[in-house]
Amino acid sequence: MAVLLVAAACTPSTDVATERSDQIGSAINTPIAPPASELEWSSCEAFGIPGPDVVGTRGWECATLTALMDPFDSSADDTVDLALTRHAATGDRRGSLLINPGGPGGAGTEFAWGIRSAFPIEILRAFDIVSWDPRGVANSLPNISCGDDPDIDGDFLMVECAEATGPLAAHLAAPYSAGDMEAIRVALGEPRLDYLGYSYGATLGAAYAAQYPDTVGRFVLDGVTDPLIGSTGAFFEDGFPYYAEDGIPSAIQRFAELCDASDRCGLGADSASTLDGIVDTIGDLPTDDFAGAPDVVHDDVYAELIASSMSYSGDWELLATALADASGGDASAIASLVMTDEAIPSDALDEPATSFEVANIVIYCADFRHVISDWTYCDGLPRNDHTLAPVEEVDVSTPILVIGTAFDPSTPGKHAPVFADALGDAVDIAWNGVGHTAFPAPTECINDAVVQQLLDGVSPVDGLECPFLDQAGAEPSDEELGDILFGHGDVEAERLLAGVFQFGIGLDAESSQCAARRVNQLDDRTISHVVLAITSAEGDAAIGDALATC
């Protein structure tokens, strides 16, 4: 069986692949109240936090919370240790905001360290930003494991996973993680839980609301799944349930439309044909102008790169240059993008499965085993007594805000209004963009709605539609959108270039900014080559000039 991995929602510069799932928070049995627990916050060094001078991660602290392995069984003794991280509010503190990146299997600690700086300042001033590695994931123990060098597509994989993971394997579906969220709320001392969940994290939010409606505070669920997941009425393909319908073809089509409308994309008048044509030649193209791996880009890796690139439109300038180069006979820039794209599945790269991929597929089976009847792939994993169930109607203190992205490759925006309707006490809004999840978005329409929801409990108008980019105006043409999305010379390009000069070439911060500003005045292809470390006459000349000047 070829397994499509679920896409974890990520920071604006992070992406992951495609999603599927099972039922949301089954509340057949009432979960028990978690025991009171006092958190001891200290350094995050043991959890592998990067150096603060590199990624701006100053101010974080970490702790471990012991929670019940089975929050539905008062007689059970087994526990899990959850890895938590927190950054204190910088102003008039309102409380804690718990965030989750999705996946399933995404590490919340690493996600929080990366995304916090992109949040609006109002949120940073008001909330302690808190996240956790879900049970079995990353720094939380025990870990989900499938042994050494597991074959993700193997018929008997789940037997190995169950043996290596131990008792935790029977307690991994969404309702159990919702129980962990309640344990975190109690440990933080918050009367209600304020929460921002992305993708599968939105699924966890719905599960929590079903199990603990009285302690739901202000919720934002971004990039929601099919609300029928966990039932036979949800989206299936070849006998396997998915968390959401496949949005990749629509996202690629929108990419092609915007590319065709803008001269700055550089793929000609029919970019869709160019994309398809590269598939036939990519494996024969040289990558000599890129010093890293891979030496050859195979067609399946190329396809995964294109799909992954739909999760974040902020790098489309780089993608357009790489595609134009490949169309002209050189795949060096494509190889550079492949090397830095962590969302490309390991089997496509002929590499060992990552810990995320292992956790992803095991949690998938925990969520979905009960609705898979045509295949035995998940049968080796113990049945979880509480599994994902379709989203159910809730009665909460503040209506839940549901966000959908029109051209989301992993969780298409069309699911959002149906998801909100299923919750009942909820409103939905739409971002007319391309990418996996919306917030924080390049439009204040989305950002203001989230800020008002979390700070004031004020929900936007149900069905509000928000533009792709504020920079392009209220009702931009595709040409205006494309010129921005495929053109360098902006703040984002300057940031990328400064990173090249500081961390790649070794300049100090001031000189790096000077060099970045100089290169950022050049044409899009030259800028892309410098960012992607491609050896070219134009790129080498630009670097030489910048070094001589700065």
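I take buried to mean under 20% relative accessible area. The model I consulted is a predicted one.

**Entry 1: disulfides**

I searched the whole structure for disulfides and found 6. I then numbered the bonded cysteines in sequence order and read the pairing as 1-2, 3-4, 5-6, 7-8, 9-10, 11-12.

I looked up Cys44 and Cys62, which form a disulfide with their sulfur atoms 2.0 Å apart. This pair links distant parts of the chain: Cys44 is in the segment before helix H1 (52–55) and Cys62 is in strand S1 (residues 60–68), 18 residues apart. The link is right-handed, with 100° about the S-S bond. I note both Cys44 and Cys62 as buried.

I turned next to Cys265 and its partner Cys259; the sulfur atoms of this disulfide are 1.9 Å apart. The torsion about their S-S bond is about -85°, so I record the disulfide as left-handed. Cys259 has a relative accessible area of 1% and is therefore buried.

The disulfide of Cys514 and Cys550 has an S to S distance of 1.9 Å. I found its torsion about the S-S bond to be about -70°, which means that the disulfide is left-handed. Because Cys514 lies in helix H17 (residues 509–519) and Cys550 in the segment after helix H19 (537–549), the pair ties together parts that are 36 residues apart in sequence. I list Cys514 as partly exposed, at 24% relative accessible area, and Cys550 as partly exposed, at 28%.

**Entry 2: salt bridges**

I counted 13 salt bridges in the structure.

One of them joins Glu61 to Arg86, with the closest N and O atoms 2.6 Å apart. Glu61 is in strand S1 and Arg86 in strand S2 (residues 79–87), so I note a link between distant parts of the chain, 25 residues apart. On accessibility, Glu61 is partly exposed at 23%, while Arg86 counts as buried at 19%.

I then examined Asp180 and Arg135, whose side chains meet in a salt bridge (2.8 Å, N to O). Asp180 lies in helix H5 (residues 174–188) and Arg135 in the loop between strand S4 (127–133) and helix H4 (157–165), so the pair ties together parts that are 45 residues apart in sequence. I record Asp180 as buried, with a relative accessible area of 1%. Arg135 is also buried, with a relative accessible area of 1%.

The salt bridge of Asp524 and Arg264 has an N to O distance of 2.8 Å. I located Asp524 in helix H18 (residues 524–531) and Arg264 in the loop between helix H7 (248–261) and H8; this pair links distant parts of the chain, 260 residues apart. Asp524 is buried at 13% relative accessible area, whereas Arg264 counts as partly exposed at 37%.

I also noted that Arg93, Asp128 and Glu190 are joined into one network by salt bridges that share partners.

**Entry 3: a negative surface patch**

I listed the residues that form a negative surface patch: Asp260, Asp270, Asp276, Asp280, Asp299, Asp300, Asp347, Asp350 and Glu351. Helix H8 (271–281) and helix H9 (299–309) each supply at least two residues of this patch.

I checked Glu351 individually and found it in the loop between helix H11 (332–340) and helix H12 (355–368).

Conventions:
Residues numbered from 1 in each chain as written. Predicted model: local features only at pLDDT ≥ 70, side-chain atom pairs only at ≥ 80, totals over all residues. Heavy atoms only, no water. Patch = residues over 30% accessible without salt bridge, like charges linked within 9 Å, V, L, I, M, F, W, Y side chains within 5 Å. Areas by Shrake-Rupley, 256 points an atom, 1.4 Å probe, with all protein chains shown as cover. Salt bridge = Lys/Arg side-chain N within 4 Å of Asp/Glu carboxyl O. Lys, Arg positive; Asp, Glu negative; His and termini not counted. Charge placed at Lys NZ, Arg CZ, Asp CG, Glu CD. Helix = DSSP H or I, 4+ residues; strand = E, 2+ residues; numbered from the N terminus. Disulfide = S-S within 2.5 Å. Buried < 20%, exposed > 50% of the residue type's maximum accessible area, 1.4 Å probe, protein only.
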